[in-house]
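Here's a friendly walk through one protein chain. Have a look at the fold before reading on.

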Amino acid sequence: MTENRLKNLALEVLGCFVSALGVYSFAVAAEVPVTGIAGIGAILYHLFGLPIGLSNILLNVPIVLFCFRLLGRDFFLRSVRCMVLFAFFTDFVLPALPVYSGDRFLAALCGGVVMGIGDALIYMQNSSTGGVDFITMAIKVKHPHLPFGNLTFGAALAVILANGLVFRDVDAIIYGLILNFLASYIINRMMFGFNSCMLALIVTDDGPAVCEAIDRAVDRGSTILKAYGGYKQDRRDVVLCACSSKQLYEVEKLMRKLDPNSFMIMLQANEVQGEGFRRLVLGKEQKHR
């Protein structure tokens, strides 16, 4: 989520359209079960012809009221906006457009990827389309260490099984698991994987000189950790620097020239938050004093 409200709104609208596209034009069109309230809405659509978007709004009311206090007013208002947008796209826009009518397995693959992209765009704006999203968001706020995509996939299982029982279709359960596994994977990668980076640990005799050189070369800050060798017990500096893969290559070249005798360890960091890196906010925004 950025400080630019118009950009956040544009990403919300795009996320709602892409998510609705994955649900309506791929999953529902191929009768592949989807998760949460949207999945229940798909069941009602196939059984009674009820509009998916309208069902999504009506079924969300008790869940919204239950999670309102925990997630906060701003999150609630953004989510209501996304629910309305999702309903508008599924009930009015997408029915006027062509839907995918090919292989069911391909529909599950494409639907999972498209849904994952759309949902991640919505979540990254600290919003949701309601329903089970509210519940998983609430769990994530209480237990931030749990991967969001895993929570989403776990919440999907009951609805997938319900779809399979309603339509007496074992294949639907399998396709539903594939679709929702892909969606969960994409959500995890977009929400956390895109903020991954490389981590350099450089053992050197002159930490300040290395930090200054890194700052000049790749415009990245670094931290000096005081250490000593395990064998000779001699004092050393360990420079820690988080950077991109391209920047790490430049740091590696720099160290070969600046200190050929240095010892450098390169690691993959799954998530980095702080100055120079995007910070993910879920639920109530933290107020800084």
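Helices (H or I, at least four residues) and strands (E, at least two) are DSSP runs, numbered from the N terminus. From that end on, the elements run α-α-α-α-α-α-α-α-β-α-β-β-α-β, which comes to ten helices and four strands.

A word on where this comes from: it's a predicted model, with local features needing pLDDT of at least 70, side-chain atom pairs counting only at pLDDT 80 or more, and totals for chains, interfaces and linings using all residues. Residues are numbered from 1 along each chain as its sequence is written, and side-chain values use heavy atoms, leaving out hydrogens and water.

**The chain as a whole**

How far apart are the end C-alpha atoms of helix H4? They are 29 Å apart, which agrees with the 30 Å that its 21 residues (73-93) should span at 1.5 Å a residue; the expected span is 1.5 Å times one less than the number of residues. Its buried residues include Phe75, Arg78, Cys82 and Phe86.

The backbone oxygen of Arg78 sits 3.2 Å from a polar side-chain atom of Ser127. Ser127 belongs to the loop between helix H5 (104-123) and helix H6 (132-142).

Asp91 is also in H4. Leaving aside neighbours within four places in sequence, Asp91 touches Pro51, Ile52, Gly53 and Leu54. Asp91 and Gly53 are 38 residues apart in sequence, yet their C-alpha atoms are 5.8 Å apart.

**A nonpolar patch**

Leu47, Phe48, Leu50, Val166 and Phe167 form a nonpolar surface patch with about 450 Å² of accessible area together. Patch residues have over 30% relative accessible area and no salt bridge (a Lys or Arg side-chain nitrogen within 4 Å of an Asp or Glu carboxyl oxygen); like charges are joined within 9 Å, nonpolar side chains (Val, Leu, Ile, Met, Phe, Trp, Tyr) within 5 Å. Helix H2 (36-48) and helix H7 (148-167) each supply at least two of its residues, while Leu50 lies in the loop between H2 and helix H3 (52-71).

Here's how three of these residues compare with the cut-offs:

| Residue | Relative accessibility | Class |
|---|---|---|
| Ser127 | 0% | buried |
| Asp91 | 22% | partly exposed |
| Leu50 | 38% | partly exposed |

Technical notes:
Buried < 20%, exposed > 50% of the residue type's maximum accessible area, 1.4 Å probe, protein only. Polar contact = N/O pair within 3.5 Å; in protein donor to acceptor, adjacent residues only side chain to side chain. Contact = heavy atoms within 4.5 Å. Areas by Shrake-Rupley, 256 points an atom, 1.4 Å probe, with all protein chains shown as cover.
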